[in-house]
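Hi,

Here is the structure I said I would pass on. Have a look at it first, and then read my notes below.

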Amino acid sequence: ACTSNEPATTAQTKGPAAGTGNDAPGKKVVIGFSAPAADHGWIAAITNNAKAQAAAYSDVEFKPVAAGADAAAQRAALATLISQKPDVIVLLPHDGKELNSFGLEAMKAGIPVVNLDRAFPDALAYRLQIKGDNYGMGVAAGHYIGGKLKAAGATAPIIGEIAGLDFLELTQERSAGFKAALATYGFKVANRRAAEFTADSGQREATNLLQALPKIDAIWNHDDDQGIGVLAAINSANRKEFFMVGGAGSKAAMDAIIADNSVLKATVTYSPSMASSAISLARLIGQGRGLSDLVELQVPKEIVLASETITKENASKYLPLGF
Amino acid sequence: MTDANPAADQAAADQPVEPTIPAQAAAPADQVEAVAHEEAQIVLRLADIVKTFPGVRALDGVALTVRVGEVHCLLGQNGAGKSTLIKVLAGVHRPDSGHLEWLGQPASFSNPQEAMKAGIATIYQELDLVEDLSVAENIFLGHEPRTFGFVRRGVLAKRTTELLARLGHTELSPWRPVRSLTPAGKQVVSMARALSHDARLIIMDEPSAVLAHDEVDNLMRIVQELTAQGIAVVYITHRLDEIRRIGDRVTVLKDGRTTAADLPADTPTRELVSRMTGRSLEYVFPPRPEVPAERGPELLKVESLSRAGEFADVSLSVHGGEIVGITGLVGSGRSEVLETIFGARRAESGTVTMDGRRLRGGVPTAVRAGLGLAPEERKSQALLLEEPIYRNMTLATFTRFATAGITGIGKEKAAANDIADQLELRPRDTNRAVRTLSGGNQQKVVLGRWLLGGTRLLLLDEPTRGVDVGARAELYQVIRSLADSGVGVLLVSSEVPECLGLADRVLVMREGRLVHEAPADELDEDKVLDLVMGGM
Amino acid sequence: MTDSIRRNLGLAVVLVALLGIGVLTKPDLYGDMSWLSNNVLTILQQASAIGVITVGMTFVIIGGGIDLSVGAIVAVAGVWSTTLSTQTYGAGGMIFTAIAVAVVVGVINGVLIAYGRLVPFIATLAMMVAARGLAAQISGKQTQISADATINAIATARPFGIPVLILIFAAVALAGWVLLNRTTFGRRTVAVGGNPEAARLAGINVKLHTLLLYALSGLCCGIGAIMLTAQATSAQAAMANLYELDAIAAAIIGGTLLSGGRGTIAGALFGVLVFSTITNLFAVNNLTTEVQNMVKGAIIVTAVLIQQVQFKSLTTFMARQRLRTNTPTPTPTTT
Amino acid sequence: MTDSIRRNLGLAVVLVALLGIGVLTKPDLYGDMSWLSNNVLTILQQASAIGVITVGMTFVIIGGGIDLSVGAIVAVAGVWSTTLSTQTYGAGGMIFTAIAVAVVVGVINGVLIAYGRLVPFIATLAMMVAARGLAAQISGKQTQISADATINAIATARPFGIPVLILIFAAVALAGWVLLNRTTFGRRTVAVGGNPEAARLAGINVKLHTLLLYALSGLCCGIGAIMLTAQATSAQAAMANLYELDAIAAAIIGGTLLSGGRGTIAGALFGVLVFSTITNLFAVNNLTTEVQNMVKGAIIVTAVLIQQVQFKSLTTFMARQRLRTNTPTPTPTTT
Ligand SMILES: Nc1ncnc2c1ncn2[C@@H]1O[C@H](COP(=O)(O)OP(=O)(O)OP(=O)(O)O)[C@@H](O)[C@H]1O
Ligand SMILES: Nc1ncnc2c1ncn2[C@@H]1O[C@H](COP(=O)(O)OP(=O)(O)OP(=O)(O)O)[C@@H](O)[C@H]1O
Ligand SMILES: O[C@@H]1[C@@H](O)[C@H](O)OC[C@H]1O
Ligand SMILES: [Mg+2]
Ligand SMILES: [Mg+2]
């Protein structure tokens, strides 16, 4: 519900399931948390989810620090977080590579770091890495579009791509996955515009893309939040000869897919629910416990979420995860 | 940060530059016989110099010959091309055509530095100082004493002190920021800068315009010292008496051409004026009305006006039809009094009443009540340099020409053209940007603004500064006829004859206080000067 | 006036050149008249919101100031007007809210600068930071969807075939031109920016006028906020990102002096059009972001250089003409 | 001198006030001396790169210009110096590359402005866009990791307990002060910015000098790029985002006139410190970004107002003093 105006944000949390030892309150854990300042719905959902998940545990003390405008500001904020001696730190860095050194320092100082979403390159810099699969997301979108067009008998379809902030590595990974998947069908991207994850930039880039391609077969838009603007542009240009796939999995996008009255036919997930999971796992790490469904006594080192494809058929199942 | 010597700086800051009276008064100019000029060596010869600006032929075949050790005066109406000529000489402008011979050799200066290197130093009409540099840094800007790029501050200070001493201004600290100096103080710095070069020729473009009486004496003394050392001086002025005092020969420009060359300095005024203007003209003040002053009702009444640090306890009144002059030394606070009456500065105590009603709402209220101020510094205080002349003239009145907020440009232009005719503005085209006007013509635009009608009390601060003799007479006429039509005029002028000649009543100001008041015909120049200096 | 024509001639040349590049690189598209006319409308439409904001900015700059907060004002106005509670008042309520909020923020800028004597750069920079914060606070950092059909129609309706956005843009531009060139307000603006001391001594209330200029800029931002909200059918705290730079750049490219006292509305609009034409051209040619940026920098520099050459040679030419007509061989006087 | 002290007094008051707020809000932390001294080092360290860049910016602004491209120059220098092939040359090669690239970009700015007669705002804006594009091109939009231990040690080493970053910052600041106040270059910078016509008439090569100012700014950006790269152990095209605004704001808050001709290094550094102290205070108090932004805007405004009051009351005081000493009540004469 976050990409809408509903005041109360319905965060994705997971209450302790009955019958497992992990839910029983344990040793008190202070979890420090930092994510970039929210400038769009996905990031806002990350912070909300983390906060809500932490609140669900009586043995977790949650210490968030705002991360400011860039990696340098986030590093400064983390310096003050360290001085408050957290047991575990959950960190969604501005840039994984730029904050890699912080991860190394914290780990060296004995504070386990849970690296969320934007990955540290160095395995020594984190205790746990939990992230979405950006490349996989592009692959999912590519397969959906490729498969559908192939089935319709297209040979040289016109495919548009509206990416997110182009300077982010994750955007590069998504585009790479998309390109690779399309190639398996012998298709390629005719025009690629990069927006900034905001609705107005989405509108601007989509308008230009539509102008550049008088006829289109399919579009992949990386982010459902900017997708609001993309849809507005499509609507205002009165274009409906193609279908579109979104990204991330916002509630508004799922609603539109279910309603099936726009070009948006599917979205590939990149769920901010990973923040909730990160908090749960950070708690377990702090308490020295493992995942109850696994045999191992400790939380594993890496978790990569699968990017799933939401369509009209399965959307109702995913609706609770929509942000 | 710039200060090596904060103590000295502090001391200097505590002491506004008082124009000091040189210890030894210079011998009267007419008694100092200059070297025999006729045979003297020629340092500079110009012939057929032409320089055009977009739409204007500023110089149209000028000739000028300057000899060693002489004071060569350059005379001409506003816009005649004097400043342009000296800028050509100084390497600021490249002439379109013409010959320039320097020390007997053909020469051409493509930038100011070349001219300076060749031995030509210039004091420009518009003060060309850097406000946030110190006195010393301004004087030596571009040729600072230095080692490996580091300024040798000790040497710099020493040489500055020497130069200032030579100019009779030991009270100026070398490290004082130029921003804090009076216009006269700045003129001294410009002069010191010219002297800091080893110049064979020094050009001075209206150096006396911003100076008061005693400062002018000092200037004359310096010029004479220079010529005694064999340095030639080209001297531009609109004050004919100065030519008599120090000039050796005179070249007259009219419309960018030399109309008379090498006239003797004692050429009769009448002839000089007719060479300049092409007609004969009497340099006289308009006659005062038979019954002096107080013919109309009392318009302006000022009571015990004070501002700390500027002036104290100033009381005066101006009647309709009356011209009241205030004279005094530069820095005596006259401009501040005018600006405070006008509401541009807030009075700390005292009252200003117009037509019996108190003014307290700042400038807009004053303007609505019928006051108008022609300020002292035209560029910084009065003009929109990039805007056309007519818009500058109507700056205070354009709302009056407007209907429902929509401007009446046609009416504005017509009104501005009338004034331009009255004041002999040149060029006459009121669509031109004010920036392209000569100094004196810019001054006319400032005055023109308040002649546009509706003003009932005119505050004029040095209204004829830089205005040529011909236009001056016109201006006096205009001011007098305004008074005759019932307007009150409060006039500040550093030129005592102007004050005495034009005003009905004269107030003398010294160190922020009015020290004397008398009808103009009861005073003479000597008496006023005594009062100005402190009743010696 | 002549000045304005002369300047804009340079930018017109640039626009034509950009069109030429389009034709050369994509002859099929540019050859298609219906596509081309639609493309022109698209460019104008994309230029409309920033264009409106640039009109306000041009006034502020001519008046001797600068407004770094325009993007943030758009954001706070957009977000405030799309809260659920505001939306219950319908399109009228939303428009009123956007404009009221934007004007109030503009007035605060104006008060700080005119009466608090803050440097405009600093005052509006502080406002930029604060207003973005406020917008984030109000929106809870969510993208707020505009559900109002009337508002959203602003971006889609096309009375007489011309998009409403373009009509609004044209109306604001015309109003701005009249205000600057034909009213006492405009005259005061030039005076206040050109020489504040002279303006003050001529009886103009410089402080009040300065305040009004920032309020005017706020007003334009409010209008711009509605236009952008309609286009994106949503508003959020990060919207209109860096619009301040675009607006200032457009004004300056259009010949407005950053130091104040001089500038034209027409020039500023040409500036806006140059920018949105460039963006359009890049999209049509499918340039990557990085190449796009490098080329954009080069085009800006070239555009300004062309404009200068144009301007200079024309000035010289006109001066020659004038000289020839005005000075019928002056009769020489001799000594 | 007095002027500089007076101005900075205001900012010093602001810094003390910020410290006071820290003590009030977090007495436990600020009461702990070792935490406090460490915190001061942290603040200085965080201020160091932007501080170095601000020194260059201050020169440019005093000289009558502006440099909107500093952030982009840092990015292109940082990215160029961390390409795999550059890294093979070791720390020396990387430092040389960063500085050479930054200076060259600065020189291009300078040429465009001084000889191409482009408005500084437009020229450096174009450069900002283009240089970011170039940085993206070079890095392939990837974050490039610096593997060089020597470079990375710049951010971690602490000879005599003082971080190297702070030492570099101090050295650049001192050099900047000497350059501005004790050399002909610095004094001429004031002239070129304050009255270019006067500077030209005094025989200064205004164009060349202007070019050198942008080259100097480039140099500072090159140094800043190395410092930031060391801190992040990496470089990327989006690094030093919007540093131009921070640097300009710091310079102006520190009393540098945006119109040129006036400014101090010390003031600019105070400006930088105020900003990084604010950021630090927010982090310690864990404000959310939106509240942070709102409060930051308010603090900037308050800081400047405090500074003005300070300045004004002192000026009035001095004027009074002057009157008292100079005017020994002249005796009025009457007719
Ligand atoms: N930069 C310029 N652009 C256009 N016209 C100019 C420029 N400078 C001077 N002029 C014109 O050249 C003519 C000569 O001007 P100049 O300043 O030399 O006069 P002047 O004799 O010094 O007058 P004044 O006594 O008023 O100082 C005037 O008509 C003036 O308008
Ligand atoms: N200590 C000072 N610091 C800065 N400016 C000063 C100082 N003393 C005087 N001035 C300035 O010097 C100028 C001359 O002072 P003032 O205007 O009072 O003299 P005046 O009698 O009007 O002389 P004039 O008619 O030549 O202007 C004014 O502009 C004044 O502000
Ligand atoms: O900010 C990014 C978000 O918008 C995108 O959709 O998913 C990955 C995030 O890092
Ligand atoms: Mg002149
Ligand atoms: Mg005066």
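Let's start in chain B, where B:Ser304 sits in strand S13, which covers residues 298–307. Bear in mind as you read that this is a predicted model.

You'll find C:Asn286 in the loop that runs between helix H14 (265–284) and helix H15 (289–326) of chain C. With a relative accessible area of 30%, C:Asn286 is partly exposed.

One more backbone item, back in chain B: the peptide bond from B:Arg426 to B:Pro427 is cis, with omega near 0°. B:Pro427 belongs to the loop between helix H15 (409–422) and helix H16 (439–451) of chain B.

Now the metal. Which atoms coordinate the magnesium ion (ligand 4)? They are OG of B:Ser83 and OE1 of B:Gln125, at 1.9 to 2.1 Å. B:Ser83 is in helix H2 (residues 82–89) of chain B, while B:Gln125 is in the loop between strand S6 (120–123) and helix H4 (135–139), so the pair ties together parts of the chain that are 42 residues apart in sequence. B:Gln125 has 21% relative accessibility and therefore counts as partly exposed, given that buried means under 20%.

Which helix gives the most to the negative patch? That is helix H19 (residues 525–533) of chain B, with three residues. B:Glu525 is found in this helix H19, and its relative accessible area of 32% makes B:Glu525 partly exposed.

The nonpolar one is in chain C, formed by C:Val111, C:Tyr115, C:Leu208 and C:Leu212, which together have about 320 Å² of accessible area. Helix H6 (90–115) and helix H12 (206–232) of chain C are the elements that give two or more residues to it. C:Tyr115 has its place in helix H6 and, at 42% relative accessibility, counts as partly exposed.

That's what I have for now.

Cheers

Note on methods. Residues numbered from 1 in each chain as written. Chains lettered and ligands numbered in written order. Predicted model: local features only at pLDDT ≥ 70, side-chain atom pairs only at ≥ 80, totals over all residues. Heavy atoms only, no water. Helix = DSSP H or I, 4+ residues; strand = E, 2+ residues; numbered from the N terminus. Buried < 20%, exposed > 50% of the residue type's maximum accessible area, 1.4 Å probe, protein only. Donors = N, O, S within 2.8 Å, 3.2 Å for Na, K, Ca; no water. Patch = residues over 30% accessible without salt bridge, like charges linked within 9 Å, V, L, I, M, F, W, Y side chains within 5 Å. Areas by Shrake-Rupley, 256 points an atom, 1.4 Å probe, with all protein chains shown as cover. Salt bridge = Lys/Arg side-chain N within 4 Å of Asp/Glu carboxyl O.
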